[in-house]
Amino acid sequence: RLPTEAEWEYACRAGTSSEFWFGDDWGKLDEFAWIPPNTPDRRPHAVGRKPANPFGLFDMHGNVDEWCQDWYDPAYYARSPLADPPGPDSGTQRVMRSNRYFEGGASVRSANRFQREPIQMHFASGFRVVRELPVKVPAAAFAGEK
């Protein structure tokens, strides 16, 4: 499945609270993100040519717009649960995160969000998938139950 917007941002930040997973130094964007001017060929780049974040994920800033599972609502987070918000139940546009290689600066921050109608195709759109693993509870956890 696609990640929720909250899952995407958690993965992007990789345990940080800064504007980018590598900190707040905008001068380092060229080193960690696909943005102008390091994309003179004006195309997305193969994944893995920039450093991975602490979670081992590549290209969380720049390169392509990434679809999220959530419907877009600009006011959703004012009323959402604080922990793992699931996103609005309905809408007409889906949330997009990251941002494409020909954008720069604020548009590639960890918190940047925008929207697009699901029927819209764009040459700089992509996605990540979430694979949910089964949770195994150790037998010892039930040892005290009767």
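## Buried, exposed and in between

A residue is called buried when its relative accessible area is under 20%, exposed when that area is over 50%, and partly exposed in between. Keep this scale in mind as you explore the structure above, which is a predicted model. R128 is a handy test case: its relative accessibility is 23%, so R128 counts as partly exposed. E66 has a value of 4% and therefore counts as buried. These two residues are partners, joined by a salt bridge whose closest N and O atoms are 2.7 Å apart. The link spans distant parts of the chain, with E66 in strand β1 and R128 in the segment after β4, 62 residues apart.

## The sheet

Now look for the strands. There are 4 of them in an open sheet, and reading across it gives the order β3-β2-β1-β4, with mixed pairing. At the edges you will find β3 (114-116) and β4 (125-126), each of which pairs on one side only.

Strand β2 covers residues 94-98 and runs antiparallel to β3, with 3 bridges joining them.

Which residues of α1 are buried? They are E5, A6, W8, A11, C12 and R13. Both β1 and β2 are included in what covers them.

## Salt bridges across the fold

The model has 10 salt bridges in total. One of them pairs E5 with R97, with 2.9 Å between the closest N and O atoms. Because E5 sits in helix α1 and R97 in strand β2, this pair ties together parts that are 92 residues apart in sequence. Are these two residues buried or exposed? Both E5 and R97 are buried.

D65 and R116 form another salt bridge, at 2.9 Å from N to O. Here D65 belongs to strand β1 and R116 to strand β3, so the pair ties together parts 51 residues apart in sequence. D65 and R116 are both buried as well. Some salt bridges share partners, and in this way E5, E9, R13, R97 and R113 are joined into one network.

## Nonpolar cores

The largest nonpolar core holds 8 residues: F20, W21, F22, L29, F32, A33, I35 and V108. Setting aside residues up to four places away in sequence, F20 touches W26, L29, H61, G105, V108, R109 and S110. Another core lies apart from the largest one; it has 6 residues, including A11, C12, M60 and C68.

## A buried asparagine in a loop

Last stop: N38, found in the loop between α2 (29-32) and β1. Why does N38 count as buried? Its relative accessibility is 15%, and buried means under 20%. The side chain of N38 is joined to that of D30 by a polar contact of 2.9 Å. Beyond its neighbours within four places in sequence, N38 is in contact with D30, A33, H45 and K50. One of these, A33, belongs to the largest nonpolar core.

How values were computed. Residues numbered from 1 in each chain as written. Predicted model: local features only at pLDDT ≥ 70, side-chain atom pairs only at ≥ 80, totals over all residues. Heavy atoms only, no water. Pairing = 2+ DSSP bridges. Helix = DSSP H or I, 4+ residues; strand = E, 2+ residues; numbered from the N terminus. Core = buried A, V, L, I, M, F, W, Y, C linked by side-chain atoms within 4.5 Å. Buried < 20%, exposed > 50% of the residue type's maximum accessible area, 1.4 Å probe, protein only. Contact = heavy atoms within 4.5 Å. Polar contact = N/O pair within 3.5 Å; in protein donor to acceptor, adjacent residues only side chain to side chain. Salt bridge = Lys/Arg side-chain N within 4 Å of Asp/Glu carboxyl O.
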